[in-house]
Amino acid sequence: MSYPPARYEGEHGEVSATYRPADHEPEVTYPSGNTVHYLATSASTDGLFGMYRWEFGPKPSGPSAHFHRSISESFYILSGTVRIYDGERWIDTVPGDYVHVPAGGIHAFRNESGEPASMLLHFSPGAPREGYFEGLAAGLGGLSDEERAEFYLRHDNHWL
C-alpha cells in the first residue's frame, strides 16, 4: 500500500487549518433532545470524510438496523454507554471503544442507559450527511411512503 496522489502541490504549505471550540452550538437538535455537531463535513474536507459529534439525551433513541452502500461509518465513544449493533449482536460500548462498519455492513446504535452519552461519527468517503440529519430532525411524518423511501435512498440508508 502506498500514499494516495498528492492533493497539494505547493512548495511552502499554506495556512488552512480550521478550529471549532468545544462550546460551539450544535447544528441540529432533535425533538428527543439529541444534538449533532458538524465537526467536519464532506464540503469542508473536499469529500474525504465527514465527522460529527452526536450527543444523546437520556431518553432511549437511535436508528434500527441498516446499512450504507457507498460509505463506511465509524463510532468512537466519548461518554456514557452506547449500544451498537454489529450485524450479529448488540455491544454495550463505553468511553474509548471504537467500532468501524465498512460499506455494506449492517449496524445500528442506541442509547438505552437512561443517562446522557456522546460519540464521534466518522463517514468515509465524505457524504452530505447534514441533509440526512436535518431531514430527520424536521420530521418525516408529513411525507408519503414514496417520498420517505426516496429520502432514505438519496441518503444511502437501507433499512432491514
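I will start with how the model was treated and then go through its parts.

This is a predicted model, in which local features need pLDDT of at least 70 and side-chain atom pairs count only at pLDDT 80 or more, while totals for chains, interfaces and linings use all residues. Residues are numbered from 1 along each chain as its sequence is written, and side-chain values use heavy atoms, with hydrogens and water left out.

First, the sheet. Helices (H or I, at least four residues) and strands (E, at least two) are DSSP runs, numbered from the N terminus. Six strands form an open sheet in the order E1-E2-E3-E10-E5-E8, and the pairing is antiparallel. Two strands count as paired if DSSP finds at least two bridges between them. E1 and strand E8 (98-101) are the edge strands, each pairing on one side only. Between E1 and E2 the antiparallel pairing runs over two bridges, and Val28 stands opposite Val36 in E2.

Next, the core. By nonpolar core I mean a set of buried Ala, Val, Leu, Ile, Met, Phe, Trp, Tyr and Cys residues joined through side-chain atoms within 4.5 Å. Buried is under 20% relative accessible area, exposed is over 50%, and partly exposed is in between, with a 1.4 Å probe and protein chains only. The largest nonpolar core has 25 residues, and Trp54, Met119 and Phe133 have the most contacts inside it. Two or more residues each come from E2, E3, E5, strand E6 (82-85), E8, E10, H1 and H2. Which element gives the most to this core? E10 does, with four residues.

Contact here means heavy atoms within 4.5 Å. Leaving aside neighbours within four places in sequence, Met119 has contacts that include Trp54, Phe56, Phe75, Ile77 and Phe109.

On to helix H1 (residues 129-138), where Arg129, Glu130, Tyr132, Phe133 and Gly135 are buried. The cover over the buried residues of H1 includes E1, E2, E3, strand E10 (117-124), helix H2 (145-154) and strand E11 (158-159). Just after H1, Gly139 has a positive phi of about 95°.

Now the surface. Tyr76, Leu78 and Tyr98 make a nonpolar patch of about 300 Å². Patches are made of residues with over 30% relative accessible area and no salt bridge, like charges being joined within 9 Å and nonpolar side chains (Val, Leu, Ile, Met, Phe, Trp, Tyr) within 5 Å. The areas come from the Shrake-Rupley method with a 1.4 Å probe, and for residues only the protein chains shown count as cover. Tyr76 lies in strand E5 (residues 72-79) and is partly exposed at 35%.

Last, the salt bridges, each a side-chain nitrogen of Lys or Arg within 4 Å of a carboxyl oxygen of Asp or Glu. The whole structure has nine. One of them joins Asp46 and Arg7, 2.7 Å from N to O. Asp46 is in the loop between strand E2 (35-40) and strand E3 (50-56) and Arg7 is in the segment before strand E1 (28-29), so this pair ties together parts 39 residues apart in sequence. Both ends are exposed, Asp46 at 59% relative accessibility and Arg7 at 54%.

Asp92 bridges to Arg83, with the closest N and O atoms 2.7 Å apart. Arg110 bridges to Glu112 at 2.8 Å. Salt bridges with shared partners join Arg83, Asp92, Arg110 and Glu112 into one network. Asp92 is partly exposed at 46%, and so is Arg83 at 23%.
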